[in-house]
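I opened this entry to look up the strand layout, the nonpolar packing and the charged pairs. My notes follow in that order.

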Amino acid sequence: MKRLKRIIFNMLALVMVACVCFTFTACEDVRRLEITVSIYDADEAEMVDKTLTVDLYRHLAPKTVDHLIKNCVEQNYYNGAIFYKESSYAQQKQIMMGDIKVGASSDEVLKLDPVDTVEGEFEYGTTVGSNLVNKEGSIGLWRTWSALDGSYTTSSSTNTGSATWFMPTESLTQYDGWFCVFAQINLNDENNSKTWNAIKNGFATTDLYEEYVIYYTGEYGSLQFNCLPKTEFDNLTSGEKEAVFEAKQNQHVSFNKRSVLLPVATVKGEKTFAIQIKGVKMI
């Protein structure tokens, strides 16, 4: 009987040690970012800096997290990136960041230089990876799909995520398993909550943002990025509009024409984008 008790005790001890080790490893594999966001403050009539801390879950999506740290964070890739929303109804429940930035003039939009893609770490991708759900506070890696597939549930474009984040403003259960959720904003933290709400408020009414059209011209593989206010795009000639690229067959639909909502403000008499990243660093 004593021997049996000793065996049971030893087994329980091993289980407890394993649990502690796993917890320690998981905690050690959480990386943390501090993002400085420049946001327009209407009361002060100027841009003010706010911070947002983000936990990167490397133990759930190691390839994605390592990729973003090496190719984006350590290279200051996100500096000047603009927060935006797609104007299409289907994507109104998320804020995006990581593929467009402020240009040389305060009202110019440029495309961020592309970085390498990373293997899709999600249930319906090539690996199980991160199966965290898409809800407010979550951060996922956006990806594209081919024109032939016609929807985000494609199986042929699972490895097209690069650097663009999507951040749900409410639950997006239809995304679960189809995108890599690699990070989380702790919205119970008062500072994080205030900064996140300030970002969301930039899209609260049409008075706060302007619709822009992103489109490409030229041949697939050497396309030219363009971004104009919708009012200017609407005034293009019919020939200029006919030259706008549209994906076919296995070409990626990320190069198709799309409308985005960009928070804008006037600071010292100049139009500027009201929510943009000033810097990102590991802490």
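I started with strand order: an open sheet of seven strands runs 4-8-7-9-2-1-14, with antiparallel pairing. The model I am reading is a predicted one. I looked for the edges next and found strand 4 (94-97) and strand 14, each pairing on one side only. On average, neighbouring strands here are turned by 30° against each other, direction ignored.

**Strand 1 and its partners**

I followed strand 1 (residues 30-41) to strand 2 (residues 46-57); the two pair in the antiparallel sense over 12 bridges. Tyr40 is set opposite Met47 of strand 2. I checked the hairpin between these strands: four residues separate them, and Ala45 has a positive phi near 55°.

On to strand 14 (residues 275-282). Strand 1 pairs with strand 14 over seven bridges, again in the antiparallel sense. I noted two facing pairs: Leu33 is opposite Met282, and Glu34 is opposite Lys281.

**Cores**

Which members of the largest nonpolar core touch the most others? I found Tyr78, Phe83, Trp165 and Phe182, out of 41 residues. Helix 2 (residues 62-73) gives the most to this core, with five residues. I listed the contacts of Phe83, leaving aside neighbours within four places in sequence: among them are Val37, Met97, Met167, Phe203, Leu262 and Ile277. I also logged a second, separate core of 25 residues, including Phe179, Tyr216, Cys227 and Phe273.

**Salt bridges**

How many salt bridges does the structure hold? I count 14.

I looked up Lys278 and Asp49: their salt bridge has its closest N and O atoms 2.8 Å apart. This pair links distant parts of the chain, with Lys278 in strand 14 and Asp49 in strand 2, 229 residues apart. Is Lys278 buried or exposed? Lys278 is exposed, because its relative accessible area is 52% and the cut-off is over 50%. Asp49, at 43%, counts as partly exposed.

Glu210 and Lys271 form another salt bridge, at 2.7 Å between the closest N and O atoms. Glu210 is in strand 10 (residues 209-217) and Lys271 in strand 13 (residues 270-273), 61 residues apart. Both are partly exposed: Glu210 at 23%, Lys271 at 26%.

Notes. Residues numbered from 1 in each chain as written. Predicted model: local features only at pLDDT ≥ 70, side-chain atom pairs only at ≥ 80, totals over all residues. Heavy atoms only, no water. Pairing = 2+ DSSP bridges. Core = buried A, V, L, I, M, F, W, Y, C linked by side-chain atoms within 4.5 Å. Buried < 20%, exposed > 50% of the residue type's maximum accessible area, 1.4 Å probe, protein only. Contact = heavy atoms within 4.5 Å. Axes fitted to C-alpha atoms, helices over the stretch in contact; angles between N-to-C directions. Salt bridge = Lys/Arg side-chain N within 4 Å of Asp/Glu carboxyl O.
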